[in-house]
Amino acid sequence: MSDPDDPLALGEYAPGSSAVLTDAERWPTLDADGARRLERWRTHPAAPRWVHATGDRLDAAAVARTRDPLPLDGWLEAHLDIARRLPFYRGRGRLASLSDFPTVSRADLVADVSAFVPLDADLDRMLHGTSSGSTGAALVIPDDVEEVARGFHLLVRLAREAGADWHPDGERLALLWVLQQRQAFTYVSIVSGFAQRAMARVNLDAGAWREASHRRRFLRDADPQVITGNPTSLAELLDGDLRDVVRPLALFSGAMELSAPLRAALEAAFACPVIDVYGLHETRPIAARTDDGPFRVLDRRVLVEVLDPSGRPVPEGERGEITVTAGENPLLPLVRYRTGDVGRLVTLPDGGVGIADLEGREHVDFVTAAGTRVPSVDLTQQLQSHGALGWTVEQRADGSVAVRIAGGDAEAIARALTATLGQPLEIERVERLVELGEGKPRRFRSAAS
């Protein structure tokens, strides 16, 4: 139940509010060493308040299967054949090829996600996850236990490809997932397919810890090999309290756009690869990059199109909406899913497929004093070049602009944006990325366009 002393507390975050499985059911292959690790971190004297319990639910055969990626030969044809039989596509005419399928969006899933679940799906393998999104209603997504486990091994491969020697190492946490928000699901778990090493999801917010010193002490003792989070939570690692107690082999950023200055700050602080992963809960990881160039579309069951507002593919190199056909999750086979994100498809030097100039969510144009339009990507370039770690830029109907930045040179940014837009501008600078707001703040808005 909710905390009666906290009017903002939510019941779903009460410790153990929905625990229904035993440890033997959560980890069918759990051995004595794994059980000992689990107990150690559950009862660590500096542990945060664990409010959730979850396990991978994999038997020995599934553990072995999920270490390898799904085969790619013929996957798209098989995927489309599965999709044709989904309830959502009944009565929609002949769907002979990918281009015959209508595009779908988050609104279609919110209206009836069950219409996208195959009728013969193995529901015994189903978990459910929630996606709050940044522009619409919350969505409950059917997750497949093997696909979730396979996602961990995808991170391992990406880290190794970036030069990180990520293998089980003593009693270090294999993975630490960090958040920075008022309330969050936190838990400790065992990764059955990684020599039964422990991982944890923790909230770096001060209110999640029993004592102020516990956050530093827990992270020091956990000594996580790899840390993943969004830019807001990763920026917290730069705080003097944490900066010298973690020594990650790699950092993974997702969910929000990672600015170039923040990437540089993380690389300088921790001397490790910073891997920016683009994806949605609905589609799973789509692309990744280890620098500030284009994202490389991953070599997995994912196909990316860039479409105009009417749903037609745009010529290569032109901006449009990222639209994804995703076949990794057997419980949610998506075809031509409109992400709401904008970018350009490009060919990489080695022939791979890249996504350049990716802008999260809808494209926003700003209006200059002369009445011309300026795309938000132009503002991003100025904000990043002057050191902002994150930002929100809002243009009012009268053309005036309000800017909030985390870090960076406020005077230089004000001059650059005033020169770009020629509009009255107010700017506020905060020190920490989290001060821009929890979750996924809308970076750009314009009522003038």
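Colleague: How many bridges join strand 17 to strand 20?

Modeller: There are 3 bridges between strand 17, residues 390-395, and strand 20, and the two run parallel. This is a predicted model.

Colleague: Which residue of strand 20 stands opposite Gln395?

Modeller: Ser446 stands opposite Gln395.

Colleague: What is the order of the strands in that sheet?

Modeller: The order is 19-18-17-20, in an open sheet of 4 strands with mixed pairing. Strand 19 (425-430) and strand 20 (444-446) are the edge strands, and each of them pairs on one side only.

Colleague: And what does the twist average from one strand to the next?

Modeller: From one strand to the next, the twist averages 10°.

Colleague: Now the helices. Which strands does helix 11 lie across?

Modeller: Helix 11, residues 376-385, lies across strand 17, strand 18 (401-406) and strand 20. Its direction is at about 135° to strand 17.

Colleague: Which strands does helix 12 touch?

Modeller: Helix 12, residues 410-421, packs on the sheet and touches strand 18 and strand 19. The direction of helix 12 makes about 150° with that of strand 19.

Colleague: At what angle do helix 11 and helix 12 pack?

Modeller: They pack at an angle of about 160°, and their axes are 9 Å apart. Angles over 145 degrees count as roughly antiparallel, so helix 11 is roughly antiparallel to helix 12.

Colleague: Is the crossing left-handed or right-handed?

Modeller: Helix 11 passes helix 12 in a right-handed crossing.

Colleague: Which residues make the contact?

Modeller: Helix 11 contributes Leu379, Gln382 and Leu383. From helix 12 come Ile413, Ala416, Leu417 and Thr420.

Colleague: What does that contact have by class?

Modeller: The contact of helix 11 with helix 12 has 5 nonpolar and 2 polar residues, and no charged residues.

Colleague: Changing topic: what pLDDT does the chain average?

Modeller: The chain averages a pLDDT of 89, and 91% of the residues score at least 70.

Colleague: Where is confidence lowest, and where is it highest?

Modeller: Confidence is lowest in strand 1 (residues 126-131), with a mean of 68. It is highest in strand 10 (residues 295-297), at 98.

Colleague: Where is the pLDDT below 50?

Modeller: Residues 6-13 are one such stretch, and in the model this stretch has 18 contacts beyond near neighbours in sequence. Residues 132-137 also have a pLDDT below 50, with 13 contacts in the model beyond near neighbours in sequence.

How values were computed. Residues numbered from 1 in each chain as written. Predicted model: local features only at pLDDT ≥ 70, side-chain atom pairs only at ≥ 80, totals over all residues. Heavy atoms only, no water. Pairing = 2+ DSSP bridges. Axes fitted to C-alpha atoms, helices over the stretch in contact; angles between N-to-C directions. Contact = heavy atoms within 4.5 Å. Parallel < 35°, antiparallel > 145°, perpendicular 65-115°, else oblique. Left-handed = near helix turned anticlockwise from the far one by under 90°. Nonpolar A, V, L, I, M, F, W, Y, C, P; charged D, E, K, R; others polar. pLDDT = per-residue confidence, 0-100.
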